[in-house]
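The stops below are given in the order in which to select them.

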Protein chains: 4
Amino acid sequence: MNTFGNIFRLTSFGESHGLSIGGVIDGCPAGFELDLGSIQHELDRRKPGQSKIVTQRKESDIVEFQSGIFEGKTTGAPIGFVIKNTNQRSKDYSHIKEQFRPSHADYTYTKKYGHRDYRGGGRSSARETAARVVAGAIAKQLLASKGIEIASFVKSVGPLELNLPPEQIDTTKIDQTIIRCPNLEIAQEMITFVDKVRKEGDSIGGTIQCLIKGCPVGLGQPVFGKLHAALGSAMLSINAVKGFEYGSGFSGTKMKGSDHNDMFEKRESGVTTKTNYSGGIQGGISNGQDIYFNVAFKPVATIMQDQQSIDQEGNETLVKGKGRHDPCVLPRAVPIVDAMAAMVILDYYLLNKTTMI
Amino acid sequence: MNTFGNIFRLTSFGESHGLSIGGVIDGCPAGFELDLGSIQHELDRRKPGQSKIVTQRKESDIVEFQSGIFEGKTTGAPIGFVIKNTNQRSKDYSHIKEQFRPSHADYTYTKKYGHRDYRGGGRSSARETAARVVAGAIAKQLLASKGIEIASFVKSVGPLELNLPPEQIDTTKIDQTIIRCPNLEIAQEMITFVDKVRKEGDSIGGTIQCLIKGCPVGLGQPVFGKLHAALGSAMLSINAVKGFEYGSGFSGTKMKGSDHNDMFEKRESGVTTKTNYSGGIQGGISNGQDIYFNVAFKPVATIMQDQQSIDQEGNETLVKGKGRHDPCVLPRAVPIVDAMAAMVILDYYLLNKTTMI
Amino acid sequence: MNTFGNIFRLTSFGESHGLSIGGVIDGCPAGFELDLGSIQHELDRRKPGQSKIVTQRKESDIVEFQSGIFEGKTTGAPIGFVIKNTNQRSKDYSHIKEQFRPSHADYTYTKKYGHRDYRGGGRSSARETAARVVAGAIAKQLLASKGIEIASFVKSVGPLELNLPPEQIDTTKIDQTIIRCPNLEIAQEMITFVDKVRKEGDSIGGTIQCLIKGCPVGLGQPVFGKLHAALGSAMLSINAVKGFEYGSGFSGTKMKGSDHNDMFEKRESGVTTKTNYSGGIQGGISNGQDIYFNVAFKPVATIMQDQQSIDQEGNETLVKGKGRHDPCVLPRAVPIVDAMAAMVILDYYLLNKTTMI
Amino acid sequence: MNTFGNIFRLTSFGESHGLSIGGVIDGCPAGFELDLGSIQHELDRRKPGQSKIVTQRKESDIVEFQSGIFEGKTTGAPIGFVIKNTNQRSKDYSHIKEQFRPSHADYTYTKKYGHRDYRGGGRSSARETAARVVAGAIAKQLLASKGIEIASFVKSVGPLELNLPPEQIDTTKIDQTIIRCPNLEIAQEMITFVDKVRKEGDSIGGTIQCLIKGCPVGLGQPVFGKLHAALGSAMLSINAVKGFEYGSGFSGTKMKGSDHNDMFEKRESGVTTKTNYSGGIQGGISNGQDIYFNVAFKPVATIMQDQQSIDQEGNETLVKGKGRHDPCVLPRAVPIVDAMAAMVILDYYLLNKTTMI
């Protein structure tokens with residue numbers, strides 16, 4: 001199941017240490033003039049080595065389009081692309097060839113498939129998300145042409161949280177810090193915290209919030225393709241994600257209906273709601289208000305500490321902590337959340353065209 | 001998008017006030033002897049009127065199988081079924097014919113589809129989940145034949161929470177109270193609380209936890225069909241659900257990797273992990289430990305209080321609080337969570353058979 | 001795989017001798033006013049007992065819609081429907097309970113699924129096509145609202161063939177005879193021929209041609225969803241179908257390119273082609289010319305003659321020829337071909353809306 | 001719709017004159033040791049320039065696997081691959097930049113997508129089938145490991161036909177001639193004929209027959225996924241294909257049931273049928289007999305003669321006959337038919353594993 005989407009569909013391939021990773025984008029609307037620079041820009045936001053608080057691996061992550069674009073415009077044919085893997089140090093992984101790293105996919109992949117590509121996590125590596133970023137960047141451009149803007153940011157790192165209502169977030173500040181939290185003060189605290197965690201050889205989790213503005217009323221396909229179900233599935237497919245909530249989310253479970261219901265109001269600009277506990281989605285369909293949701297990331301499993309584990313024969317063993325890894329994936333995960341959200345929204349935008357004949 | 005699943009697939013139909021609701025189950029394994037009584041039992045757990053703390057509508061909710069079963073056994077042909085709607089009072093809804101109830105799907109359905117069946121919420125009514133319970137009950141039986149058990153329970157109602165680790169839950173006590181919380185003391189508090197909310201004409205949210213025991217290693221389809229992504233999508237497709245988390249979930253975002261990683265251990269029974277923050281899933285594939293996840297339900301939007309809103313022409317209006325509704329959907333949602341979980345697990349169990357030739 | 005289509009999707013259920021057959025239509029455009037009478041009319045064209053040359057079973061075949069239609073119009077919700085089985089004589093089939101009828105699906109169903117519903121062929125009975133006719137009749141109405149007309153007719157029965165180019169077919173005459181061949185003279189010969197075959201207790205095959213007029217340029221989804229590939233798959237899924245060809249078809253294999261190429265011409269009405277060997281489809285996409293294709297039906301396997309066969313234990317046995325059956329399925333298959341063609345064209349019409357943003 | 005298959009799925013990309021063509025194979029069973037040489041061998045059977053009767057373009061068509069294979073074995077991860085385009089002469093096509101070649105996809109692609117990659121036919125070029133051959137070659141190996149053999153051959157070229165029952169075909173002789181007809185005498189006549197057509201600057205059609213031996217009983221997914229419907233759809237998706245028939249096909253339409261029915265027989269080797277008009281498939285499910293079907297190819301549209309046509313503005317124009325093209329695609333289409341058949345059979349083989357729990 002390496003295909004995502006219904007109409008706008010990404011099929012991805014690639015392992016951490018293969019020749020390349022890449023994908024095929026099918027169903028991309030035709031005749032659209034792509035800004036290739038901004039696709040590369042999104043990849044750069046995700047790439048390793050971009051700051052001191054992420055992994056120091058150096059991958060150039062240059063996307064090479066193979067098809068589906070002619071004279072700068074999409075043709076309706078599938079867009080094939082590859083990103084060459086350039087900086088693998090496969091030997092870094094020889095020590096785990098026969099070991100299962102705790103809370104990694106080593107054990108489950110081996111049991112499911114009979115053997116595994118142990119180099120860098122193989123297919124289970126978050127490296128595959130680079131392909132998502134390419135497709136998502138294309139989706140983002142198409143949506144922008146319709147006035148739909150998607151912006152994700154780091155809302156919390158460990159115990160440090162930016163606690164602001166979505167409408168007060170200044171999304172222009174997201175990329176002003178290497179942690180990608182739009183409050184510069186909290187951002188600085190987060191950076192200091194991650195740096196400390198890194199020095200301990202440890203890792204830390206956090207949450208990303210995604211804001212979608214300008215989404216028209218009507219996106220969503222009841223009953224199994226509710227818009228938030230598609231968004232949730234998309235987010236949960238990202239490496240290290242443990243939870244998803246939209247609108248009031250888990251905190252809404254403690255509220256009473258009389259407080260939680262979003263009263264409709266008539267304004268000059270059209271119908272709106274006084275509050276937005278619904279998170280812009282009612283009955284699985286966008287209602288024209290801002291869509292927002294939170295995504296929970298666990299602390300990455302790779303740490304620079306030795307850990308007790310077992311090997312392929314089931315014997316106890318010690319897994320060494322070494323290599324080049326992220327103490328906190330959140331900053332690099334921001335463009336991935338953007339990408340997945342963009343793909344879902346575009347897919348549903350296109351699906352919605354088939355609602356009436 | 002009224003079809004759910006890949007191999008074991010439910011396609012459902014039906015509105016709150018149509019002739020019937022029902023569905024078609026395709027891909028159900030052949031030659032399996034069904035216990036029809038236990039399917040009806042699951043429907044009874046979901047049906048209205050079963051206790052004083054749920055809606056007092058009386059629907060008999062009798063499932064009538066039309067096809068796919070011969071001499072008591074599944075034939076491999078699609079299983080069609082209908083549940084007749086018997087106790088609709090469509091006139092109860094004439095007052096909202098031209099009004100949009102706050103935080104309901106009235107507005108979004110009307111805008112998306114041009115008009116709507118306003119009686120009882122039409123397709124957006126949680127009544128459609130009865131079809132899910134039928135399919136889920138069949139999936140549950142098939143899984144039980146392989147030693148896989150699924151049990152959900154009410155973990156919290158508003159501020160009241162059963163805070164126990166999954167392995168300490170006594171699932172045999174779930175149905176001992178009408179609230180379906182397996183701790184009888186907390187259950188009683190919850191019941192009292194819901195009753196109070198009901199008398200106020202209000203509603204309250206809560207969370208359901210689902211436990212899956214006996215799941216073999218290997219279920220899950222990376223990278224977009226990770227087991228938890230499929231479970232999340234399934235849960236988020238249930239009416240009133242606002243969030244999903246598995247294993248350590250949102251609380252795991254505050255942990256460090258050195259605390260969060262689940263160390264492998266060798267026991268006589270096989271490989272296990274000391275802790276289970278992973279929630280039984282690593283890299284999107286089940287690892288043989290217990291799977292557990294939480295589902296957040298908002299307070300239902302229908303309350304017995306008048307609320308400000310707008311009508312189809314965009315004019316302000318007052319929506320009257322009347323009819324027969326649930327102050328808290330949690331107890332009736334337990335079998336729905338069970339059903340969706342069972343469908344996902346069975347679907348992935350079948351998919352997993354294709355991993356090797 | 002009892003679901004057909006991508007956007008406009010039919011999921012069908014039902015066996016020859018179950019309680020009912022029926023289906024769920026998902027993705028039907030919303031807000032369309034249905035003519036229920038003409039849906040029933042298409043079912044009547046398919047139903048048994050309508051003339052002396054078809055099976056004398058009497059099924060009233062009344063469709064009962066359960067959902068998805070409100071105040072006469074489609075709501076965008078799935079359209080569930082059932083057709084009750086009323087005239088089964090299950091005892092007619094007790095003699096084949098343990099026998100495999102030659103060239104039927106008895107043997108393959110038993111081997112694949114472990115057991116089978118032997119009454120009337122169970123799921124392999126062409127009775128399931130009634131569900132297709134319902135969905136197809138709805139698709140036909142939607143297409144007619146866009147000026148797209150579909151008309152199939154019997155082109156040959158055994159050696160008797162109406163050999164006219166598609167543009168010379170008078171589709172208004174199709175239903176003027178019980179054989180549904182629009183040339184009344186050849187139709188009469190065909191009727192006499194089928195009647196003779198019937199008296200011999202035998203059966204005969206034939207071909208149906210389908211004409212689609214008014215199809216806009218642009219329907220078709222390269223490379224695996226070419227319009228003719230979708231039509232071919234649809235036709236080959238109909239019981240007793242052995243072949244499909246469009247445009248010049250098999251006879252085109254004997255032509256040279258210089259004769260076969262359709263030269264473009266500019267006319268006042270727009271672009272057209274001098275000839276139409278392409279059958280209205282070039283590169284898998286409709287080109288605005290008439291679409292036409294032929295469907296080959298084998299002689300039905302049920303004959304009123306005793307036949308040598310084997311039973312479930314593998315022993316040789318004699319299968320008795322008895323019951324009520326069609327000597328020639330062609331006349332009743334005409335509305336089924338119409339239905340499948342209509343579903344494909346509507347599905348692709350809707351898909352085509354997603355080509356541009 | 002550039003994805004083919006349900007479990008074993010190929011998603012392809014690439015135009016005639018882009019950087020590369022390629023694809024992603026998802027769902028390939030894990031742990032299988034691939035013979036990369038025999039994949040390249042199948043590509044060589046399809047490649048241009050292999051003999052005097054095919055196009056003299058020279059493409060080396062070397063497949064480069066990017067992922068999904070580790071230490072020689074499939075890992076269960078998607079198999080990405082690219083085939084670089086090396087010998088495009090894009091200038092050869094500048095003359096048709098604004099012209100629509102008769103019976104090509106130029107006109108329909110332009111109308112559907114707004115513009116087109118005119119170089120070498122772009123996505124509508126049969127060059128994309130190289131990706132199918134790669135995936136099909138892998139499928140063929142997996143099937144061979146289960147004793148299932150697939151062999152296609154040229155059955156007719158224009159009026160010249162090899163008229164032998166399938167069981168008398170000596171498949172070892174297929175590749176002994178450049179035309180790929182296993183009767184050496186008729187093969188020679190065909191070669192002479194094609195060479196004459198080539199010298200005339202013309203093209204000619206023909207038919208390919210595919211034989212599948214060793215297929216177990218039970219493959220096929222009623223009612224819309226009948227085995228022959230899947231095979232038909234696969235074949236009709238190949239460039240230039242106009243028709244598909246299996247078993248008795250179109251000729252069976254002239255037979256009576258008493259002649260056409262395949263009588264079951266008990267032999268030491270198991271159940272068999274005296275005749276095989278069913279073509280190895282009954283009720284859409286394989287019955288263990290040889291599967292065979294015919295595929296009709298039209299004469300290719302590109303000829304070395306000037307043809308009347310129109311341009312993008314709708315004005316009449318003359319399309320020049322020039323470039324390097326196939327007078328007859330049949331010999332090169334043989335491995336493509338093999339490939340598509342292999343993908344279908346493997347896909348259904350895997351699906352069949354889910355029939356029972």
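**Before selecting anything**

This is a predicted model, in which local features need pLDDT of at least 70 and side-chain atom pairs count only at pLDDT 80 or more, while totals for chains, interfaces and linings use all residues. Residues are numbered from 1 along each chain as its sequence is written, chains are lettered from A and ligands numbered from 1 in the order in which they are written, and side-chain values use heavy atoms, with hydrogens and water left out.

**Stop 1: chain A as a whole**

Helices (H or I, at least four residues) and strands (E, at least two) are DSSP runs, numbered from the N terminus. Chain A is as compact as a globular protein of its length, because its radius of gyration of 21 Å is close to the 21 Å that the globule rule gives for 357 residues. That radius is taken over C-alpha atoms, and the rule is 2.2 Å times the number of residues to the power 0.38. Along the principal axes, the C-alpha trace of chain A spans about 65 × 50 × 35 Å.

Switch to a surface. Chain A exposes about 11000 Å², and carbon and sulfur atoms supply 47% of that area. Accessible areas come from the Shrake-Rupley method with a 1.4 Å probe, and for residues only the protein chains shown count as cover. Of the 357 residues in chain A, 69% are buried. Buried means under 20% relative accessible area, exposed over 50%, and partly exposed in between (1.4 Å probe, protein chains only).

Among contacts (heavy atoms within 4.5 Å) in chain A between residues at least 6 apart in sequence, 69% join residues at least 24 apart.

**Stop 2: aromatic rings**

Colour Phe, Tyr and Trp. Rings of these residues (for Trp, the six-membered ring) pair if their centres lie within 6.5 Å; planes under 30 degrees apart count as stacked, over 60 as edge-to-face and the rest as tilted. The count over all chains comes to 34 aromatic pairs. Select A:Tyr109 and A:Tyr113: their ring centres are 5.5 Å apart and their planes are at 55°, so the pair is tilted. Both residues lie in helix α2 (residues 106-113) of chain A, four residues apart, about one turn of the helix. An α-helix has 3.6 residues a turn, so residues three or four places apart point the same way. A:Tyr109 and A:Tyr113 are both buried.

Now go to chain D. The rings of D:Tyr109 and D:Tyr113 also form a tilted pair, with centres 5.5 Å apart and planes at 55°. D:Tyr109 is buried at 9% relative accessibility, and D:Tyr113 is buried at 8%.

For rings from two chains, select A:Phe100, A:Tyr107 and B:Phe264, which ring pairs link into a cluster.

**Stop 3**

Select residues 227-236 of chain C, which are helix α5. Ten of the ten residues are buried, so the helix is largely enclosed by the rest of the structure. Among them are C:Leu231, C:Ala234 and C:Met235.

Next, pick C:Met340 in helix α7 (residues 330-352) of chain C. C:Met340 is buried, with a relative accessible area of 0%. C:Met340 and C:Met235 are 105 residues apart in sequence, but 6.8 Å apart in space, C-alpha to C-alpha. Not counting residues up to four places away in sequence, C:Met340 touches C:Phe4, C:Arg132, C:Ala234, C:Met235, C:Ser237, C:Ile238 and D:Phe224.

From there, move to C:Ser237, in the loop between α5 and β11 (241-246) of chain C. C:Ser237 is buried too, with a relative accessible area of 0%. Beyond four places in sequence, its contacts include C:Arg132, C:Met340, D:Val223 and D:Phe224.

**Stop 4: a strand residue and the chain end**

Which strand of chain C holds C:Ser152? C:Ser152 is in strand β8 (residues 149-157), and is buried at 1% relative accessible area. Its contacts beyond four places in sequence include C:Ile174, C:Cys210 and C:Val334.

Last, select C:Ile357, in the segment after α7 of chain C. C:Ile357 is partly exposed, with a relative accessible area of 22%. Display chain A again: C:Ile357 touches residues there, including A:Pro29, A:Leu142, A:Leu346 and A:Tyr349.
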